[in-house]
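Student: I'd like to learn how to read side-chain contacts and sheet layout in a model. Could you walk me through one?

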Amino acid sequence: MSEDLILIERPAEHVLLARLNRPAARNALSGALIARLAEILRDASADTSVRAVVLAGSDKAFSVGADIKEMVSGGLAALTTPSRVDGWYAIETFDKPIISAIEAYSLGGGNELAMTTDMIVAGENAMFGQPEVKIGVIPGDGGTQRLIRAVGKPMAMRMILTGEFIDAATAFTCGLVADLVPAGQAEARAIEHAVAISANAPISVRLAKDAVLKAEEVP
């Protein structure tokens, strides 16, 4: 059922934890999963008891990207359905702080999902990549825009054109990752950040996030 695609927890006051839950597919981003995440974030936006969200995967993968089976059966059109596009828009316009906790693989659309969040916390075992060119496509969920803003043109070109992965230490050094922790501790650290954020004035936090995001779009 769609509600099982993402598990919801409340690990601390004012903090919501959303855990991607497609372990057999290493949390590949099916249309249904994107729609469910968008629904959860819409609800969190309206819930005044939620001041910050942590988005996590498993210890095997945050997400390995778009669901290749959907692409095979539906073609590239499967990635541009109105429900999927609307879902991505709801995720990227979420108005409260959201922190991603990355263990193991953050690849393709999974990495693009992580980059829609406001802060990435990574375990030392994490690997990041945009390997779309290896299967004849390009990053299609914001990777060609967000990655260059995070790491600069040279590293973005390296990752996107070669499809090679970078490790967590490299991702931290080049600015993709905000906090690097021992393997297995990314979720706990992300919750710590969420708790610290939640202790601040919520309206100020929301307006500050909006101002920072707008700064990426203007001269």
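Tutor: Let's go through salt bridges, then aromatic rings, then the sheet. This is a predicted model, so local features need pLDDT of at least 70 and side-chain atom pairs count only at pLDDT 80 or more, while totals for chains, interfaces and linings use all residues. Residues are numbered from 1 along each chain as its sequence is written, and side-chain values use heavy atoms, with hydrogens and water left out.

Student: How many salt bridges does the structure hold?

Tutor: The general idea is a side-chain nitrogen of Lys or Arg within 4 Å of a carboxyl oxygen of Asp or Glu. Here there are 11 salt bridges. One of them joins the side chains of Glu9 and Arg19, at 2.9 Å from N to O.

Student: Which parts of the chain do Glu9 and Arg19 tie together?

Tutor: Helices (H or I, at least four residues) and strands (E, at least two) are DSSP runs, numbered from the N terminus. Glu9 is in strand S1 (residues 6-12) and Arg19 in strand S2 (residues 15-20), so this bridge ties together parts 10 residues apart in sequence.

Student: Are Glu9 and Arg19 buried or exposed?

Tutor: Go by relative accessible area: under 20% is buried, over 50% exposed, and in between is partly exposed (1.4 Å probe, protein chains only). Glu9 is partly exposed at 33%, whereas Arg19 is buried at 18%.

Student: Where does Asp67 find its partner?

Tutor: Asp67 bridges to Arg22, with the closest N and O atoms 2.9 Å apart. This pair links distant parts of the chain, 45 residues apart: Asp67 is in the loop between strand S4 (61-63) and helix H2 (68-74), and Arg22 is in the loop between S2 and helix H1 (31-46). Asp67 itself is buried, at 7% relative accessibility.

Student: What separates Glu39 and Arg36 in helix H1?

Tutor: About one helical turn, because they are three residues apart in that helix. Their salt bridge has its closest N and O atoms 2.9 Å apart. Glu39 is partly exposed at 38%, and Arg36 is buried at 16%. Bridges can also share partners: Glu9, Arg19 and Glu187 are joined into one network that way.

Student: On to the rings. How do I read an aromatic pair?

Tutor: Rings of Phe, Tyr and Trp (its six-membered ring) pair if their centres lie within 6.5 Å; planes under 30 degrees apart are stacked, over 60 edge-to-face, and the rest tilted. This structure has one such pair. The ring centres of Tyr105 and Phe165 are 6.3 Å apart and the planes are at 65 degrees, so the pair is edge-to-face. Tyr105 is in strand S6 (residues 105-107) and Phe165 in the loop between helix H6 (153-162) and strand S9 (166-167), 60 residues apart. Tyr105 is partly exposed at 32%, and Phe165 is partly exposed at 35%.

Student: Which charged end sits over the ring of Tyr105?

Tutor: For that, NZ of Lys or CZ of Arg must be within 6 Å of the ring centre and within 35 degrees of the ring normal. The charged end of Arg26 sits there, 5.9 Å from the centre of the Tyr105 ring.

Student: And in what order do the four strands form their sheet?

Tutor: Two strands pair if DSSP finds at least two bridges between them. The order is S4-S6-S8-S9, an open sheet with mixed pairing. S4 and S9 are the edge strands, each pairing on one side only. S6 pairs with strand S8 (residues 127-129) in the parallel sense, over three bridges, and Ser106 stands opposite Phe128 in S8.
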